[in-house]
Amino acid sequence: FYALQEAVSRYMGTTQMAGEIQEYRRNSDGKVIAFAHEVSKARTIRGQWFYATDEASKAYVWFHSVQELVRRAIETPDIDVVDLGPSGSDAFSTLKERYGFRSVEDWPAEADYVSGPF
């Protein structure tokens with residue numbers, strides 16, 4: 001029951017936030033396996049990821065989504081920071097660092113979320 005409650009809560013929270021949703025679908029049947037929620041605020045773009053199943057979390061969605069997030073940040077003159085959100089675990093921090101992202105405790109000191117609009 002707790003897992004269902006958490007999933008519904010995350011879905012409701014995400015769909016009520018500003019930003020864009022990128023859906024990832026399984027090729028064989030078109031079923032949504034994951035989605036990325038991306039928000040640009042001031043000079044920062046942030047990504048969050050949600051998976052339909054544990055199996056979906058192993059489908060390399062995160063890598064594709066981060067690649068696209070970074071590409072959009074590079075192409076957008078007013079964006080200079082990509083925020084991959086909280087890691088939630090040391091293993092995820094290690095994964096981010098392996099691909100060139102520093103783990104930062106004090107995001108307000110690094111990422112500008114206040115000088116401009118959404």
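**Points on the predicted model**

1. Ala 42 counts as buried, because its relative accessibility is 14% and buried means under 20% relative accessible area, exposed over 50%, and partly exposed in between, for a 1.4 Å probe and protein chains only. Ala 42 is not a glycine, yet its phi is positive, at about 55 degrees. Most residues other than glycine have a negative phi. The residue is placed in the loop between strand S2 (32–41) and strand S3 (44–51). Helices (H or I, at least four residues) and strands (E, at least two) are DSSP runs, numbered from the N terminus.

2. On the basis of the note: this is a predicted model, in which local features need pLDDT of at least 70 and side-chain atom pairs count only at pLDDT 80 or more, while totals for chains, interfaces and linings use all residues. Residues are numbered from 1 along each chain as its sequence is written, and side-chain values use heavy atoms, with hydrogens and water left out.

3. Tyr 60 also has a positive phi, of about 65 degrees, although it is not a glycine. Its position is the loop between S3 and helix H2 (61–75). Tyr 60 counts as exposed because its relative accessibility is 60%.

4. The strands form an open sheet of 4, in the order S1-S2-S3-S4, with mixed pairing; two strands pair if DSSP finds at least two bridges between them. Strand S1 (20–25) and S4 are at the edges and have a single partner strand each, so one side of each lacks a neighbour in the sheet. From one strand to the next, the twist averages 20 degrees.

5. S1 and S2 run antiparallel and are joined by 6 bridges. Within this pair, Arg 25 has Val 32 of S2 as its bridge partner, and Gln 22 stands opposite Ala 36 in S2. The two strands form a hairpin with 6 residues between them, and Gly 30 in the turn has a positive phi of about 75 degrees.

6. S2 and S3 also pair in the antiparallel sense, over 8 bridges. Lys 41 stands opposite Thr 44 in S3. This hairpin has 2 residues between its strands, and the turn holds Ala 42 with its positive phi. S2 itself is mostly covered, since 8 of its 10 residues are buried.

7. Which strands does H2 lie across? H2 lies across S1, S2, S3 and S4, and runs at about 165 degrees to S3. Axes here are lines fitted to C-alpha atoms, for helices over the stretch in contact, and angles run from 0 to 180 degrees between N-to-C directions.

8. Ser 65 is a residue of helix H2. It is buried, because its relative accessible area is 1%. Residues up to four places away in sequence aside, Ser 65 touches Tyr 24, Ala 36, Glu 38 and Trp 49, where contact means heavy atoms within 4.5 Å.

9. Leu 69 is likewise found in helix H2. Its relative accessible area is 0%, so Leu 69 is buried. Beyond neighbours within four places in sequence, it is in contact with Glu 38, Ile 45, Arg 46, Gly 47, Trp 49, Val 82 and Leu 84. The C-alpha atoms of Leu 69 and Gly 100 are separated by 14 Å, the two residues being 31 apart along the chain.

10. The second largest pocket holds about 350 Å³ of space. A pocket is an open set of points on a 1 Å grid over the protein atoms alone, where a 1.4 Å probe fits, with protein on both sides within 12 Å along at least five of seven lines; lining residues have an atom within 4 Å of a point. Grid points are joined across faces, edges and corners, and the volume is the space filled by probe spheres set on the points.

11. The lining of this second largest pocket comprises 18 residues, with Val 82, Arg 102, Ser 103, Val 104 and Trp 107 lying nearest its centre. Strand S4 (81–83), helix H3 (90–98) and helix H4 (107–110) are the elements that give two or more residues to the lining. S4 gives the most, with 3 residues. By class, the lining has 7 nonpolar, 5 polar and 6 charged residues; Ala, Val, Leu, Ile, Met, Phe, Trp, Tyr, Cys and Pro count as nonpolar, Asp, Glu, Lys and Arg as charged, and the others, Gly among them, as polar.
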